[in-house]
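Subject: Structure handover

Hello,

Here is the structure to take over. My notes follow it.

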Amino acid sequence: MSLQNLLPFNTSHCFIDGEWRPSVSGGVLPLLNPSDGDILCEIAAGDADDINAAVRAASAALDSDWGRFTALERGRVLARTGALVSENLDLLSELEATDVGKPVTQARADVIALARYLEFYAGAADKVHGETLPYLDGYTVYTLREPHGVTGHIIPWNYPMQIIGRSVGAALTMGNACVLKPAEDACLTALMFAELARQAGLPAGALNVVPGTGERAGAALASHKEVQHISFTGSVKVGELIQSQAAGNVVPVTLELGGKSPQVVFEDADIEAALPFLVNAGIQNAGQTCSAASRILVQKTIYNELLNAMAEKYRGLRVGPAADDYEVGPLISASQKQRVESYLSQDDQLQLVASGVIVNKAPEGGNYVEPRLYACSDASHILAQQEIFGPVQVVIPFETEEQAVAIANGTEFGLVASVWTANGARQMRMAKQLRAGQVFINNYGAGGGVELPFGGVGKSGHGREKGFEALYGFSTLKTVAALHG
Ligand code: ADP
């Protein structure tokens with residue numbers, strides 16, 4: 001059955017003001033299947049006209065039904081949307097697996113995470129409140145948390161559902177009206193999400209989805225004068241652009257721009273417990289994860305033992321079509337494959353230790369890359385510094401705790417880090433010293449749970465998503481001071 005027949009909307013339409021409609025220009029883009037390179041369907045090539053219509057619809061929603069929803073009602077509509085997400089688990093997982101090239105089990109985990117975000121934010125909607133503040137005699141002073149207004153959400157192709165959950169979910173909770181620009185490489189679950197929110201009773205205009213390229217639809221949204229907040233997840237290069245565009249309108253931005261996250265393993269660590277976390281955090285979603293642990297720092301005394309154990313795991317990794325659910329799927333696009341492969345050479349500081357295997361039945365046209373494990377003796381090597389966004393990990397030796405901190409903190413990024421050690425005092429010291437938005441001790445939760453604030457320092461970006469922290473980010477604080485004598 002064709003994809004279009006499975007879906008209750010036209011894949012080549014935008015979702016604006018509660019309706020499915022073609023882009024103003026009528027333009028479309030092909031959506032490619034990463035597992036075989038075939039065209040899956042067409043999507044709308046939205047541009048500035050569509051973004052204008054979406055922003056107008058969002059502004060109007062704030063002045064009508066959506067703007068009048070109480071916090072409790074907002075929570076309830078999010079809860080109903082979450083229930084519909086769960087009911088559509090099979091369809092959403094299949095869509096995400098096909099569109100992103102993500103092994104089905106991993107895609108299912110993303111649908112479950114989206115439902116969990118909506119559950120969390122639905123429950124939180126009527127629990128975010130202001131404060132009363134002590135002030136001069138004769139005054140009563142309090143604060144109100146208010147929505148920014150129209151929020152723009154520019155998201156990438158690697159985890160559409162999770163990023164919609166943490167960004168659009170939190171923005172709607174606080175009463176903002178959203179314009180979502182999904183990535184041109186994968187946007188089907190974003191469209192399906194809009195349809196489910198509509199079915200759940202989200203008023204027209206509260207959420208609008210405009211697919212299209214970054215250069216046209218994305219740039220039009222980021223620079224729009226009536227958008228009061230922008231959240232962006234993607235590359236550093238585009239993040240810089242978006243921040244400068246938002247600066248032109250003096251609006252706040254939340255940027256989540258990836259990383260080069262380290263897992264630091266000391267000689268007293270429980271290696272058996274660590275092993276699956278070390279490898280999975282590098283190859284999950286074929287390494288196309290902002291919080292991928294692409295650097296493994298290992299104390300010299302256990303370096304060979306750990307490297308061999310990881311190599312063993314790598315040799316067992318199979319790479320194949322998303323639907324077949326191997327450990328690793330294809331990369332999102334031919335250009336991403338080319339980019340990743342351009343990094344993969346060896347030299348005196350970098351030795352290939354082990355790689356996984358592309359299964360025989362993997363179609364020619366798919367974007368398959370063998371996962372690769374490298375031993376790296378130079379922490380300043382390009383492969384140990386730049387975000388590759390592919391299934392590639394480097395293992396770097398260190399001798400002392402001080403050295404481990406210096407190497408771990410020695411990139412431009414700082415998103416997530418972990419430390420593996422049985423020594424409690426060292427756990428606390430490392431957690432303080434590691435430069436990252438999240439630190440895990442004796443575990444590694446790529447991105448962490450929905451409850452845990454997430455975001456980076458340095459070139460990993462700024463602002464926090466997830467948990468209650470996101471709700472503060474998606475609202476603005478008003479102070480009211482009443483003099484009553
Ligand atoms: P990735 O490397 O993950 O593809 P990008 O930063 O290129 O990351 O893309 C992330 C999102 O940003 C996508 O939705 C993309 O369309 C959008 N985007 C790309 N270029 C621009 C731009 N100049 N302005 C606004 N959005 C953009």
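Serine 12 touches Pro22, Val28, Glu42, Ile43 and Ala44, leaving out residues up to four places away in sequence. The model is predicted, so please read every value here as computed from it. Serine 12 belongs to the loop between helix 1 (3-6) and strand 1 (14-16). Its relative accessibility is 16%. Buried means under 20%, so serine 12 counts as buried. Its side chain also makes a polar contact with the side chain of asparagine 10, at 2.8 Å.

**Ligand site**

How many residues surround the ligand? There are 18, and the closest are Ile155, Trp157, Lys181, Glu184 and Ser235.

- Serine 235: a polar side-chain atom lies 2.7 Å from an oxygen atom of the ligand.
- Tryptophan 157: a polar side-chain atom lies 2.9 Å from an oxygen atom of the ligand.
- Glycine 214: here a backbone N or O atom lies 3.2 Å from an oxygen atom of the ligand.

Taken alone, the ligand exposes 550 Å². The protein buries 83% of that.

**Nonpolar cores**

In soluble globular proteins, nonpolar side chains tend to be buried together. The largest nonpolar core in this model has 86 residues. Which residues have the most contacts inside it? They are Val85 and Leu207. Leucine 207 is in contact with Phe15, Val168, Cys178, Leu180, Phe193, Ala194, Ala197 and Leu202, with neighbours within four places in sequence left aside. Another core lies apart from the largest one. This other core has 57 residues, among them Ala274, Ile396, Val405 and Met430.

**Helix 13**

Helix 13 spans residues 334-343. Which of its residues are buried? They are Gln336, Val340 and Tyr343. These three cover an arc of only 50° around the axis, which puts them on the same side of helix 13. An α-helix has 3.6 residues a turn, so residues three or four places apart point the same way. On the other side of helix 13, Ala334, Ser335, Gln338 and Ser342 are exposed. The cover over the buried residues includes helix 14 (382-385) and strand 18 (392-398).

Proline 330 sits in the loop between strand 14 (318-319) and helix 13. Is proline 330 buried or exposed? It is buried, with a relative accessible area of 1%. Proline 330 touches Pro34, Ser35, Gly101, Ala286, Gln288, Gly320, Ala322, Asn367 and Tyr368, not counting residues up to four places away in sequence. Proline 330 and alanine 183 are 147 residues apart in sequence. In space they are 17 Å apart, C-alpha to C-alpha.

Glutamate 401 lies in helix 15 (residues 401-408). At 15% relative accessibility, glutamate 401 counts as buried. Which residues does glutamate 401 touch? They are Phe266, Arg426, Arg429, Met430 and Gln433, again without residues up to four places away in sequence. Met430 is also one of the residues of the 57-residue core.

Glycine 424 is in helix 16 (residues 424-433). Glycine 424 counts as partly exposed, at 36% relative accessibility. Glycine 424 and aspartate 378 are 46 residues apart in sequence and 29 Å apart in space, C-alpha to C-alpha.

**Backbone angles to check**

Most residues other than glycine have a negative phi, and most peptide bonds are trans. Two residues deserve a look on that point.

- Valine 250 has a positive phi of about 50°, although it is not a glycine. Valine 250 is found in the loop between helix 10 (236-248) and strand 11 (253-256). Its relative accessible area is 73%, and valine 250 is exposed.
- Asparagine 442 has a phi near 55°, which is a positive value in a residue other than glycine. Asparagine 442 lies in the loop between strand 20 (438-441) and strand 21 (461-462). With a relative accessible area of 34%, asparagine 442 is partly exposed.

Over to you.

Best wishes

Definitions and conventions: Residues are numbered from 1 along each chain as its sequence is written. This is a predicted model: local features need pLDDT of at least 70, side-chain atom pairs count only at pLDDT 80 or more; totals for chains, interfaces and linings use all residues. Side-chain values use heavy atoms; hydrogens and water are left out. Buried means under 20% relative accessible area, exposed over 50%, partly exposed in between (1.4 Å probe, protein chains only). Helices (H or I, at least four residues) and strands (E, at least two) are DSSP runs, numbered from the N terminus. The arc is that of the directions from the helix axis to the C-beta atoms. Contact means heavy atoms within 4.5 Å. A nonpolar core is a set of buried Ala, Val, Leu, Ile, Met, Phe, Trp, Tyr and Cys residues joined through side-chain atoms within 4.5 Å. A residue is near a molecule or strand if one of its heavy atoms lies within 4 Å of it. A polar contact is a pair of N or O atoms within 3.5 Å; within protein, one must be able to donate a hydrogen and the other to accept it, and residues adjacent in sequence count only if both atoms are side-chain atoms. Accessible areas come from the Shrake-Rupley method with a 1.4 Å probe; for residues, only the protein chains shown count as cover.
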